[in-house]
Amino acid sequence: MLSDNPMVSMEHISLSYHSPQGETKAVEDLSFSVKEGEFVSLVGPSGCGKSTLLSLLAGLMKPSQGTLSIHGKVGYMLQRDQLLPWRTIRQNALLGPEVSGKITQQDKDTVDHMLKKYDLWEFRDHYPAELSGGMRQRVALIRTLAIHPAVLLLDEPFSALDYQTRLSVSDDIGRIIRQEKKTALLVTHDISEAISLSDRVIVLSSRPAKVKQIFDICLTVPHHSVILAREAPEFPEYFNRIWKELNQDAQ
Ligand code: ADP
Ligand code: MG
């Protein structure tokens, strides 16, 4: 059973960057929370402060104001897969546990199990250059999951992929995250991607990022497939409402 306790909570968070040119307010008085097992997307205009928010949640920066809490370890996945070209797929997948200590037999078992489960086992001794973009992104996710994070932060993880690949990779990644019962926070500027993957979509304003509107997504097709989700009767309505919310802002 999933509990109602928030896994992630941000309360009245503000952050400003300081440079010789002056102060840039990136986030202002922003509050939201994410429950255990929930998949939440953040959408907002380019440069509004989305990556800044994830960096705050990953603990890479401290907020100027406000309080923030995350229960458990955080796994962070970025736009590019960041696989090391000179390491095999299995060695890359083991990098997470390796940098956070030493690799245990349990880590090896976890990684091998996921490589098998997610159709990468036969490529375990191959190098990243021999794999498709989608397969590499799956390896990157396995590497992130191998440290047993409670919360996954995903910063536009599909945006380097072409449209076709992007659909099937987001389908794969979404399914893996749900199968592994992870709490996830996805940053994207693709409205369809956000609706098809998420339980909730949070629309952010232009910089400094504030919460403009939160949409609970409830589609009458199972969430298991992002392709099927796009065919749900409610999909166009959500799309229009979110699109309007985003574009009201872009003057
Ligand atoms: P997004 O991910 O939504 O595109 P970011 O969080 O990367 O936006 O950036 C938000 C704003 O903060 C932008 O105006 C950006 O130029 C500025 N910014 C980001 N990182 C830094 C930094 N290290 N120093 C100064 N300004 C920054
Ligand atoms: Mg960004």
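1. The model is predicted, with local features needing pLDDT of at least 70 and side-chain atom pairs counting only at pLDDT 80 or more, while totals for chains, interfaces and linings use all residues. Residues are numbered from 1 along each chain as its sequence is written, chains are lettered from A and ligands numbered from 1 in the order in which they are written, and side-chain values use heavy atoms, with hydrogens and water left out.

2. An open sheet of three strands runs in the order E2-E1-E4 with antiparallel pairing, where strands are DSSP runs of at least two residues and helices (H or I) are runs of at least four, numbered from the N terminus, and where two strands pair if DSSP finds at least two bridges between them. Strand E2 (22-35) and strand E4 (65-70) are the edge strands, each pairing on one side only, and the twist from one strand to the next averages 25°, with axes taken as lines fitted to C-alpha atoms (for helices over the stretch in contact) and angles running from 0 to 180 degrees between N-to-C directions.

3. Strand E1 (residues 6-19) is joined to E4 by five bridges, the two running antiparallel, and serine 14 stands opposite glutamine 65 in E4. Helix H1 (residues 50-57) packs on the sheet, touching E1, E2 and E4, and its direction makes about 115° with that of E1.

4. Elsewhere, strand E8 (residues 200-204) and strand E9 (residues 211-216) run antiparallel and are joined by five bridges; they form a hairpin with six residues between them, in which leucine 204 has valine 211 of E9 as its bridge partner.

5. Serine 41, in strand E3 (residues 39-43), counts as buried because its relative accessibility is 0%, the cut-off for buried being under 20% relative accessible area, with over 50% exposed and partly exposed in between (1.4 Å probe, protein chains only). Its side chain makes a polar contact with the side chain of serine 198 at 2.6 Å, a polar contact being a pair of N or O atoms within 3.5 Å; within protein, one must be able to donate a hydrogen and the other to accept it, and residues adjacent in sequence count only if both atoms are side-chain atoms.

6. At ligand 1, a backbone N or O atom of glycine 47 lies 2.7 Å from an oxygen atom of the ligand, and a polar side-chain atom of serine 51 lies 2.9 Å from an oxygen atom of ligand 1.

Key:
Contact = heavy atoms within 4.5 Å.
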